Amino acid sequence: MNSERLRVELAGLSLANPTMLASGILGYSAETLKSVVEGGAGAVVTKSVGLNPRSGYVNPTVVQVACGLINAVGLPNPGIEAFTRDIREAKAVLKVPLIVSVYGFSFEEYAVVAEKAVKSGADAVELNVSCPHVKETGVEIGQNPEILAKVVGKVKGVVGKPVFVKLSPNVADIAEMAEAAVKAGADAITAINTVKAMAINIETAKPILSNKRGGLSGPAIKPIAVRCVYDIYERVKVPIIGCGGITSWRDAVEFILAGASAIQIGTAIALKGQGVFRSVIRGIDAYLKRKGFRSVKEIVGLAHRN
Ligand SMILES: Cc1cc2nc3c(=O)[nH]c(=O)nc-3n(C[C@H](O)[C@H](O)[C@H](O)COP(=O)(O)O)c2cc1C
């Protein structure tokens, strides 16, 4: 493999290759994150952490469906105070950028959690905006451009590290949300989080998940995610991190051609194991070589020029 061909610069972070661990798939511990890096990941994103500890929803929280998973785990997390120790430990052992995923139920919560994450050693924060805003019942932060911009603005005001904004596909126009986030200072856009979904047990006639509705991930959402990245690339200038259903190097290349500068892998790790990173990286490298490209950068957004 050619390390120069694979290296990418992402909003001030330098990644040895364009693959990243997506938020929430593996826990928070330094050991787990380290094993993903040993598997080849160019950067890791932690599970989302909020201000206060949460136990999440009762089981069942994940169900396998054709071509993917539906999950409604309910953001279980130890709270930022307890998590700062894990961030410090992870930072000490990881040789790749450590991105802490942050959520909140108010502007202030996002800012407090992001600031603590960065102070403990996060190289960047990724804002998970797929959670409800307490003052706007029922509306997710990432579904309202004004609320989204305010969250991003507040976080940018307190952290000196790159701020990634991870968008929800459950909106009419995801590029409008990307524009709002970038105007407010987002350094990169991650697209996408899970797609709203549900599954019903036909014998009991009951929804399978305890929360009834959940988020679909895995190969089923890949075409939706590719379209989202393509739409966003047309409207903003900051780097895009593609995510959603990537299981092979071909998927990864497709996202890069649509406009992604890096990609995240989630569900494929649960389905195929951590070896997926190595095979995706090798495949991207072989593709670039076969096509005569000298870097990943040369093919970012290429589908827009053809
Ligand atoms: C079990 C599970 C837990 C997740 N937890 C989070 C989370 O805490 N924060 C977040 O931003 N995204 C979370 N996600 C979404 C993933 O990071 C990713 O955006 C989504 O699953 C699509 O990518 P994939 O098809 O590669 O999994 C979770 C996904 C799954 C399947």
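## Around the ligand

Strand E6 (68-71) and helix H9 (267-272) each supply at least two residues of the shell around the ligand. Helices here (H or I, at least four residues) and strands (E, at least two) are DSSP runs, numbered from the N terminus. The model is a predicted one, in which local features need pLDDT of at least 70 and side-chain atom pairs count only at pLDDT 80 or more, while totals for chains, interfaces and linings use all residues. Residue numbers start from 1 along each chain, as its sequence is written.

There are 26 residues around the ligand, and Gly24, Ser48, Ser217, Gly266 and Thr267 come nearest. A residue is near a molecule or strand if its C-beta atom, placed from the backbone, lies within 6 Å of it. By type, the shell divides into 10 nonpolar, 14 polar and two charged residues. For that division, Ala, Val, Leu, Ile, Met, Phe, Trp, Tyr, Cys and Pro count as nonpolar, Asp, Glu, Lys and Arg as charged, and the others, Gly among them, as polar.

## The barrel

Now to the strands. Eight of them close into a barrel, with parallel pairing, in the order E3-E4-E7-E8-E9-E10-E15-E16. From one strand to the next, the twist averages 25 degrees. Two strands pair if DSSP finds at least two bridges between them. Angles run from 0 to 180 degrees between N-to-C directions, and the axes are lines fitted to C-alpha atoms, for helices over the stretch in contact.

Strand E9 (residues 163-167) and strand E10 (residues 188-191) run parallel and are joined by four bridges. Phenylalanine 164 has alanine 188 in E10 as its bridge partner.

## Helix H7 against the strands

Helix H7 (residues 222-235) lies across E10, strand E15 (240-243) and strand E16 (260-265), and runs at about 170 degrees to E15. With 14 residues, H7 reaches 20 Å from its first C-alpha to its last, close to the 20 Å expected at 1.5 Å a residue. That expected span is 1.5 Å times one less than the number of residues in the helix.

Which residues of H7 are buried? They are Lys222, Ala225, Val226, Cys228, Val229, Tyr230, Ile232 and Tyr233. A residue is buried if 20 or more other C-beta atoms lie within 10 Å of its own, exposed if 12 or fewer, and partly exposed in between, with C-beta atoms placed from the backbone. The buried residues of H7 pack against helix H6 (174-183), E10, E15, helix H8 (249-258) and E16. Contact between two residues means that their C-beta atoms, placed from the backbone, lie within 7 Å.

## The open sheet

Four strands form an open sheet in the order E5-E6-E14-E11, with antiparallel pairing. Strand E5 (62-65) and strand E11 (195-198) are the edge strands, each pairing on one side only. On average, neighbouring strands of this sheet are turned by 40 degrees against each other, direction ignored.

E6, which supplies residues to the ligand shell, pairs with E5 over four bridges in the antiparallel sense. Glutamine 64 has leucine 69 in E6 as its bridge partner, and valine 63 stands opposite isoleucine 70 in E6. The hairpin of E5 and E6 has two residues between the strands, and cysteine 67 in this hairpin takes a positive phi near 65 degrees.

E6 also pairs with strand E14 (residues 213-217), in the antiparallel sense over three bridges. Here isoleucine 70 stands opposite leucine 216 in E14, while leucine 69 has serine 217 in E14 as its bridge partner. Ser217 also belongs to the residues that come nearest to the ligand. Both faces of E6 are covered: Gly68 and Ile70 on one side are buried, and so are Leu69 and Asn71 on the other.

## Backbone details worth a look

Two cis peptide bonds deserve a check in your viewer. One runs from asparagine 59 to proline 60, with omega near -5 degrees, and proline 60 is found in the loop between strand E4 (43-45) and E5. Another runs from alanine 191 to isoleucine 192, with omega near 20 degrees; isoleucine 192 lies in the loop between E10 and E11.

Positive phi values also turn up in loops. Alanine 11, in the loop between strand E1 (8-10) and strand E2 (13-15), has phi near 50 degrees, a positive value in a residue other than glycine. Alanine 11 counts as partly exposed because it has 19 C-beta neighbours inside 10 Å. Leucine 75 lies in the loop between E6 and helix H3 (80-93), and its phi is likewise positive, near 50 degrees. With 18 C-beta neighbours inside 10 Å, leucine 75 counts as partly exposed.
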